[in-house]
Amino acid sequence: MMGTYCYNLLYNFYYPNYSITNDITKSYRVQTRRNSLYPKPIYFGFHRNYFDSVLVRVSLEEVVEKELKEENDRRFRWIEIGHNITEQQKQAISKLPFRMANRCKAVMRQIICFSAEKGNISDLLRAWVKIMRPTRADWLSVLKELRIMDHPLYLEVAEHALVEESFEANVRDYTKIIHYYGQHNLLEDAENILTIMKQRGFICDQVSLTTMVHICSKAGHFDQAKEYFEEIKLLGEPLDKRSYGSMIMAYIRAGMPEEGENLLQEMDAQEIFAGSEVYKALLRAYSMIGHAEGAQRVFDAIQLAGITPDDKMCSLVVNSYAMAGQSQKAHIAFENMRRVGIKPTDKCIASVLLAYEKEGKINTALEFLIDLERDGIMVGEEASGVLARWFRTLGVVEEVEFVLRDFATARQIS
């Protein structure tokens, strides 16, 4: 009977809405105020296991309470930063903008002096939100300062901000983090942010997808870059020069300059002009493989786009003819460059000499050097290296020594 009495007391304590009969020889029908919701009554039979389950429940609740207490102890406690900090931390705090809001300075001081022993950075930020009620402008001010400082906790703060209601996150906030990961060649992290962005109901726009094209191509994942580019097309919006430019660069990095040039022509048809860096990259790609016709086409397109060629662009055209073994056209391109007032670089001179070397035109090369000397253009280190190697191959040792001695004398005079 004592067991039954204890059981009833404990059962009524944890389940006050249940009623149990006193006759232990029968099965007990247990009813609640909501029995009408159940099609059939629920029956419980008195058994020793019920008493055991109550004891287990009591012990479990004690464990949960203990864990909650430990968790509360681990949470960040907001304590204003005092004077017992390092000189480096003091210096960083002193450089905070004078016009920065006090609530922003408060959290910046905490972040600058933060350490793993204090807990988790997310707990710090949650405490800041609860105590000081920051606005989106405050969040942006803090993130801007952390990025200027190149603080190691920048990304953690930026990612936490995305889930805070006061931050009012939008698509561009996610794109900034994706771009930051891209700058540090962290493709997997960038893809994770993009996935989280989609899961939270944000629609990927052209800017974020273009960023992914750029990141994937830099990481050497051409197929992924192309998939993201196709996803941009599915948006149904006109492609801008950044989207085109990113895909052209992807083709160049993948060793497919012709495909990149096709996109460039597609842009020209829509009167969308790529940036000069895209033209230069495509010109360089053709030049390095000796595709002279492709290099000349891109060079012409550069001028049609209203971009004034510089010495590096002209040198790439000359080099493309040199690599193709077309010394006459290399020389013509070189003279055209001088005619428009562009001073040739030593690398450009070396390219012309390389073209003559490939065709074995030693006399023409010497005439070329004499003309340069007459015009006051000195041969530099790279061009001298081409001559020295060429003469050594011909077995003309004295001429090699002369070239090297002449180069050394010119360097001393300069």
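How many helices and strands are there in the protein? There are 21 helices and two strands. Keep in mind that this is a predicted model. Of the 414 residues, 39% are buried. Now the contacts with a separation of 6 or more: 59% of them join residues 24 or more positions apart.

Let me start with a helix in the interior. That is α4, residues 102–112. Eight of its eleven residues are buried, so α4 is largely enclosed by the rest of the structure. Which residues of α4 are buried? Here is the list: Cys 104, Lys 105, Ala 106, Val 107, Met 108, Gln 110, Ile 111 and Ile 112. Note that Lys 105 and Gln 110 are on it. And what covers them? The cover includes α3 (87–94) and α5 (121–132). It also includes α6 (136–149) and α7 (154–161).

Next, helix pairs. Two packed helices are described by the angle between their axes and the distance between the axes. I have two pairs to show.

Helix α11 covers residues 222–233, and helix α12 covers residues 241–253. They pack at an angle of about 155°, and their axes are 10 Å apart. An angle over 145 degrees counts as roughly antiparallel, so α11 is roughly antiparallel to α12. The crossing of α11 past α12 is left-handed. Who meets whom? From α11 come Phe 222, Ala 225, Lys 226, Phe 229 and Ile 232. Across from them, α12 supplies Ser 243, Tyr 244, Met 247, Ala 250 and Tyr 251. By class, that contact has eight nonpolar residues, one polar and one charged. Look at the spacing along each helix. An α-helix has 3.6 residues a turn, so residues three or four places apart point the same way.

The second pair is α16 with α17. Helix α16 runs over residues 311–323, helix α17 over residues 327–339. Their angle is about 165°, with the axes 8 Å apart. That makes α16 roughly antiparallel to α17. Is this crossing left-handed or right-handed? Left-handed. On the α16 side we have Cys 314, Ser 315, Val 317, Val 318, Tyr 321 and Ala 322. On the α17 side we have Lys 329, Ala 330, Ala 333, Phe 334 and Met 337. The classes here: nine nonpolar, one polar and one charged.

What does Ala 330 touch, leaving aside its neighbours within four places in sequence? Val 318, Tyr 321 and Ala 322 are in contact with Ala 330, and so are Val 352 and Ala 355. Leu 354 is 24 residues away from Ala 330 along the chain. The C-alpha atoms of these two are separated by 9.9 Å.

Last topic, cysteines. A disulfide is a covalent bond between the sulfur atoms of two cysteines. Cys 348 has 0% relative accessibility, so it counts as buried. Cys 113 is at 6%, so Cys 113 counts as buried too. And Cys 314 takes us back to α16, where it takes part in the contact with α17.

That's it from me.

Methods: Residues numbered from 1 in each chain as written. Predicted model: local features only at pLDDT ≥ 70, side-chain atom pairs only at ≥ 80, totals over all residues. Heavy atoms only, no water. Axes fitted to C-alpha atoms, helices over the stretch in contact; angles between N-to-C directions. Helix = DSSP H or I, 4+ residues; strand = E, 2+ residues; numbered from the N terminus. Parallel < 35°, antiparallel > 145°, perpendicular 65-115°, else oblique. Left-handed = near helix turned anticlockwise from the far one by under 90°. Contact = heavy atoms within 4.5 Å. Nonpolar A, V, L, I, M, F, W, Y, C, P; charged D, E, K, R; others polar. Buried < 20%, exposed > 50% of the residue type's maximum accessible area, 1.4 Å probe, protein only.
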